Amino acid sequence: MSPEFEHRLSQLLDRLEPMLPPTAVEVDWTRDVAALWTRHPLGGRLTPIAPRDALTLEDLLGIARQKRELLANTRAFLAGRPANHALLWGARGTGKSSLVRALLNTLGSEGLRLIQIDRHDLPALPGLVAELAQQPHRFIVYCDDLSFEGSDDAYKALKSVLDGTLTGPPENVLLYATSNRRHLLPEHMSDNHDTHIVDGELHHGDAVEEKISLSDRFGLWLAFHPFNQDAYLETCQHWVEWRLGAGSFDEAARAEALRYATQRGVRSGRAAWQFANLWAGQKTLEA
């Protein structure tokens, strides 16, 4: 090998090195309960991650029905019984992603394994699901804050995995997604131009049918709505007392919690958590 060729080969390797993935950390599904699908220029890989926190289902207030239905669906899945892909949709800050985290903390010891994938990486979903089909464990592939723009074709990979191939998804994989949109795709008034009535029945145009067909592939829809004042205050009390101890949510805290929600223009579980942090921080400084 000539010195010139060696030099050119060395330059080529130097250019390729930034494209290579970092040293891989293997996922051990007998120990790890969660992983993140990470993309790199030559493909992608699973990286094990620890649960973000110790959030439990009991910590989530104001969403009792949603907790009950998602827990039942997931337990059926873990038991090898029929279960549905789930779409958690609705108002921001009302506990959609928190419910998935709490579900992992509750059922991780019972065999649940969770993989989070970013919506921009969904074209890799069919390959990931095929890889998981070879595993003995049961997986929920989770996409947070899922939505698509009109020109975004990534949803086609999601449709295919949900219900669009001859084989369908493997029996050890379910897809859970959270979104602020029920139909995941943007809806425009112009989409309704082709809607018409035939023999008293409403028939949507192709644009509307395309949007509905994606969310229809999720067999379990769970709607999350803004909190009323009682639910918001109950959640504020829970987190303030979690921070400062029983009885710490007094009249002053209650009045400030209401003022906080009014200033932000929202009552939600997220707003209650943020208020509790603010209030507890102030009280700790004053002590």
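This is a predicted model: local features need pLDDT of at least 70, side-chain atom pairs count only at pLDDT 80 or more; totals for chains, interfaces and linings use all residues.
1. Arg-138 counts as buried, at 14% relative accessibility (buried is under 20% relative accessible area, exposed over 50% and partly exposed in between, with a 1.4 Å probe and protein chains only). Its salt-bridge partner is Glu-171, and the closest N and O atoms of the two are 3.1 Å apart (a salt bridge is a side-chain nitrogen of Lys or Arg within 4 Å of a carboxyl oxygen of Asp or Glu). The pair links distant parts of the chain, 33 residues apart: Arg-138 is in strand 5 (residues 138-143), and Glu-171 is in the loop between helix 5 (154-164) and strand 6 (173-179). Helices (H or I, at least four residues) and strands (E, at least two) are DSSP runs, numbered from the N terminus. Glu-171 counts as exposed, at 60% relative accessibility.

2. Residues are numbered from 1 along each chain as its sequence is written, and side-chain values use heavy atoms, with hydrogens and water left out.

3. As to the overall chain, there are 9 helices and 9 strands. Of the 287 residues, 42% are buried. Among contacts with a separation of 6 or more, 75% come from residues 24 or more positions apart (contact means heavy atoms within 4.5 Å).

4. The salt bridges number 9. Asp-53 takes part in a salt bridge with Arg-101, with the closest N and O atoms 2.8 Å apart. Arg-101 lies in helix 3 (residues 96-107) and Asp-53 in the loop between strand 2 (43-48) and helix 2 (64-78), so the pair ties together parts that are 48 residues apart in sequence. Asp-53 also meets Arg-52 in a salt bridge, at 3.9 Å from N to O. Asp-53 is partly exposed, at 27% relative accessibility, whereas Arg-52 is exposed, with a relative accessible area of 68%. Elsewhere, a network of salt bridges links Asp-28, Arg-31 and Asp-32.

5. Apart from neighbours within four places in sequence, His-85 is in contact with Leu-162, Pro-169, Val-173, Leu-174, Leu-175, Arg-217, Phe-218, Gly-219 and Leu-220.

6. Helix packing is considered next. Two packed helices are described by the angle between their axes and the distance between the axes. Axes are lines fitted to C-alpha atoms, for helices over the stretch in contact, and angles run from 0 to 180 degrees between N-to-C directions. Helix 7 (residues 229-244) packs against helix 9 (residues 269-286) at an angle of about 40°, and their axes are 8 Å apart. Helix 7 is therefore oblique to helix 9 (angles under 35 degrees count as roughly parallel, over 145 as roughly antiparallel, 65 to 115 as roughly perpendicular and the rest as oblique). By class, the residues of the contact of helix 7 with helix 9 comprise 13 nonpolar, 4 polar and 2 charged (Ala, Val, Leu, Ile, Met, Phe, Trp, Tyr, Cys and Pro count as nonpolar, Asp, Glu, Lys and Arg as charged, and the others, Gly among them, as polar).

7. Helix 8 (residues 251-264) and helix 9 cross at roughly 125°, their axes coming within 10 Å. These two helices are therefore oblique to each other, and helix 8 passes helix 9 in a right-handed crossing. Among the residues in contact are Glu-256 and Tyr-260 of helix 8, with Phe-275 and Trp-279 of helix 9. The contact of helix 8 with helix 9 has 8 nonpolar, 1 polar and 2 charged residues.

8. Helix 7 and helix 8 pack at about 120°, with axes 10 Å apart, and are therefore oblique to each other. Their crossing is right-handed. Helix 7 contributes Gln-229, Tyr-232, Leu-233 and Cys-236 to the contact, and helix 8 contributes Arg-254, Ala-257, Leu-258, Tyr-260 and Ala-261. These residues divide into 7 nonpolar, 1 polar and 1 charged.

Conventions: A crossing is left-handed if the near helix is turned anticlockwise from the far one by less than a right angle, and right-handed if clockwise.
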